[in-house]
Amino acid sequence: MGDRLIGAIARWAAEQGFTTLKLAVNPDNGAAIALYRRNGFAETDEPGDLMADGVRRELILARELGGGAVGNLGNRTSEERSSLRCAGLFEQFSGLQAGLSGC
């Protein structure tokens with residue numbers, strides 16, 4: 001199920017002009033990390049948010065969809081990018097707990 005959901009999100013995001021999917025995951029959640037890595041996600045150098053213990057940080061993973069640098073959304077304005085992230089991904093895939101900055 002998770003593989004199919006990630007595939008659907010990746011196809012939709014590519015159709016919308018996104019070039020990268022990025023998410024945050026608890027570093028202790030081995031099953032989720034394995035799912036994401038199996039679907040082409042890799043660790044980034046970006047520090048995740050602090051977790052509840054105030055010491056550890058979330059692990060940030062990203063998957064390039066092709067056609068540009070990480071985070072590149074073409075010639076869209078910052079406001080358009082934010083709208084696509086928030087409205088598009090969260091409304092169309094509201095069951096997914098993926099971290100998208102700026103929402």
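1. Asp28, Asp53 and Arg56 are joined in a salt-bridge network. The model is a predicted one.

2. Over the whole structure, the search returns five salt bridges. Side chains of opposite charge can pair when their charged atoms come close.

3. One of the pairs is Asp3 with Arg38, where the closest N and O atoms are 3.2 Å apart. Asp3 is partly exposed, at 33% relative accessible area. Arg38 reaches 54% and counts as exposed, because the cut-off for that class is over 50%.

4. Glu43 and Arg37 also meet through their side chains in a salt bridge, at 3.0 Å from N to O. Arg37 is partly exposed, with a relative accessibility of 45%.

5. Helix α1 covers residues 2-15, which is 14 residues. From first to last C-alpha, α1 reaches 20 Å, close to the 20 Å expected at 1.5 Å a residue. After α1 comes Gly17, which has a positive phi, near 100 degrees.

6. Which residues of α1 are buried? They are Ile6, Gly7, Ile9, Ala10, Trp12 and Ala13. As a general point, an α-helix has 3.6 residues a turn, so residues three or four places apart point the same way.

Note on methods:
Residues numbered from 1 in each chain as written. Predicted model: local features only at pLDDT ≥ 70, side-chain atom pairs only at ≥ 80, totals over all residues. Heavy atoms only, no water. Helix = DSSP H or I, 4+ residues; strand = E, 2+ residues; numbered from the N terminus. Expected span 1.5 Å × (residues − 1). Buried < 20%, exposed > 50% of the residue type's maximum accessible area, 1.4 Å probe, protein only. Salt bridge = Lys/Arg side-chain N within 4 Å of Asp/Glu carboxyl O.
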